[in-house]
Amino acid sequence: MADAAVTSRTGARRGAPSTTPAPRRRRGGVLRHWREYLAIAPFYVLFLAFGLVPLLYAVQLSTISWDGLADPVFVGLDQFRRVLFGGEFGVALVNTVVIFFMGQVPVVIGALVAAVLLSRRGLRGAGVYQTLFFLPQVTSVVAIAVVFQSLFSQSYGIVNRLLSMVGIGPVPWLESAWGVKVVIALMIIWQTTGYFMVIFLAGLAAIDPALYEAATLDGAGGVQRFFHITLPMLRPTIIFVLVTGTISGFQLFTQPQVLLNGGTGPFDSGLTMMYLQVRYLGSSGSGTAVFPDLGYAAAIGWAIFVVLVVLAAVNAAVLRRNRRL
Amino acid sequence: MSAPTLLAEQATTPEHPTPPRRRALTRHRMGNYLVHVPLLLAAVLFAFPFYWLVVMATSSTSEIFTSPPRLVPGTKFGENFAEVLSGSPFLFAFSNSVFVTVVGSLLQVFFAALGGFVFAKYRFPGRDKLFGLLVVTMALPTGVAIVPNFQIYANLGWLNTYWPLLVPGAASAFGIFWMRQAATASIPDELLEAARVDGAGFWRVFRHVGLPGLSSTIAAFTVFQVMWNWNEYLWPLLVLSDTDLYTLPLALQLLKGAYGSVDYSVVMAGTLVATLPLVVLFLIFRRTVMSHASAGAIKG
């Protein structure tokens, strides 16, 4: 039914509905469909201009050294050498991975647990909980950073003042290398858990309730039902969440940039790969203290690209080996 | 929204009241009270940053820094917000954000609905190959294109304008993909045939059959786009340097830089006003957004 074709106006006037043009009329057919092509053209034009051309441009950019003003200098593969051996990218990669495990992993587990609890039969207030957990998703990262900076400020932050009431001394959340990572991870957890929760809820709703009923009659407890029915049935949803969570987690930029006011935190502990790239772009708002080099920034972009491709391959391999999760 | 679907199963219970089942059900009801413990705890933790935002935005700085901390909203919002207005281009930023969000979302929704409708309901040479290409582009990581895109905008003379925020994302693969799914599922071909028999042309078919048939998806997609446009940070940060052109996230950063160490209540008042429109929008369209969120999730 979905595939039944609708011919354009000329076809309709002749009263010839739903028939594909005969092969010999093919050339005329393409022209006859100009409205359809025009309707979908914007995407392809924009993708060509701002998706494909930039990729080619990025190849060229990564072979030069250029601050954006003076004449660019051709440096061959030096920018890639700088990425590999300059040290900075390694620091940024490690930071990204550590923050990923501190933030994204609890997000997935928390979202799954929340979704399982909220999909219980006859639970009152489920809609209110869902709304509340999803709400942080609509706030901007800048607003979240403003609030979290205040919550975790060393001397006046409410978190430290509450901790001092139970005798724990002021914790240097934003002044220590690990503290910065904890706060960034908490921002990610707070903002994105509700989003993944809703995805899990949709996945859970698609599981046949009869499966649970049968398992209960066989004497399976809640934990057993979770591991033997819920998890296997949720496999497609879990794969989707892992893939999208990895891609966004490894392109983390806004949270550290805003939380650290354009700096990189103690011992560069908030410097992620994307953040490193944007710093070397040296544009107006980035407030960087580094000497801009567009070529180096482009090479960092390729390095991020490679990391994501490797991760995708690892993901695929792990999932293939572990079919039962 | 998904929980009620599981309710139907309970109806069968009275017919076969087998003992293990009844015990299980009783346990289930007790469990329903128990799960409120972790859920309420999480709810408090999730709500607290919002609550704290309100408390700080309505208090003076000296009121907040008392010990023990005062945890109730105050009455100083007016003063704080007056300071926001005099100390930053906040009103400019608010109207700039409204402009970018409205124009950007309209373009995105229009091209997504049109493209999705055509892919779902028309047959033309190369259609499936073109759609396959569109799907593939969704998997490309965007990070590698930041530097060249910035340079392209610079060459086009687009720095310090809104073009980079409006044009490149105007027709998104994700939006077209989503609308195509919706059009395939919810617009019957008979409607299109009827419209064509009545002599409606391409454009009128889209307006009178396509748009109404996609209305709930359009509503949900609009809310998502408004959310993303309103909160967009990276590209405004990179391309806008004139503070009069700043959107709200940038103006908040500016405000934070100027008042962050002096008067945090002012920063909070600005943040509250910048956040409120989307919270209200989301609460109004809560049901539509939540029921479409799993489709929207594809964006990642």
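**Entry 1: the interface of chain B and chain A**

I looked for salt bridges across the interface of chain B and chain A, and the rule finds zero. I note that the model is a predicted one. I then looked up the extent of the interface: 100 residues of chain A are in contact with 116 residues of chain B. The area buried between the two chains is about 10,000 Å². Carbon and sulfur atoms give 73% of that area.

The crossing is right-handed. On helix 14 of chain A, the contact is made by A:M274, A:Q277 and A:L281, and on helix 7 of chain B by B:I146, B:V147 and B:F150.

**Entry 2: a helix pair within chain A**

I turned to helix 4 (residues 78–85) and helix 15 (residues 294–321), both of chain A. Their axes come within 9 Å and cross at roughly 60 degrees. Helix 4 of chain A and helix 15 of chain A are therefore oblique to each other. Helix 4 of chain A passes helix 15 of chain A in a right-handed crossing. From helix 4 of chain A, the contact draws on A:Q79, A:F80, A:R82 and A:V83. Helix 15 of chain A contributes A:G295, A:Y296, A:A299, A:I300, A:W302 and A:A303. I recorded seven nonpolar residues, two polar and one charged in the contact of helix 4 with helix 15 of chain A.

How values were computed: Residues numbered from 1 in each chain as written. Chains lettered and ligands numbered in written order. Predicted model: local features only at pLDDT ≥ 70, side-chain atom pairs only at ≥ 80, totals over all residues. Heavy atoms only, no water. Left-handed = near helix turned anticlockwise from the far one by under 90°. Helix = DSSP H or I, 4+ residues; strand = E, 2+ residues; numbered from the N terminus. Contact = heavy atoms within 4.5 Å. Buried area = accessible area lost by both parts, 1.4 Å probe. Salt bridge = Lys/Arg side-chain N within 4 Å of Asp/Glu carboxyl O. Axes fitted to C-alpha atoms, helices over the stretch in contact; angles between N-to-C directions. Parallel < 35°, antiparallel > 145°, perpendicular 65-115°, else oblique. Nonpolar A, V, L, I, M, F, W, Y, C, P; charged D, E, K, R; others polar.
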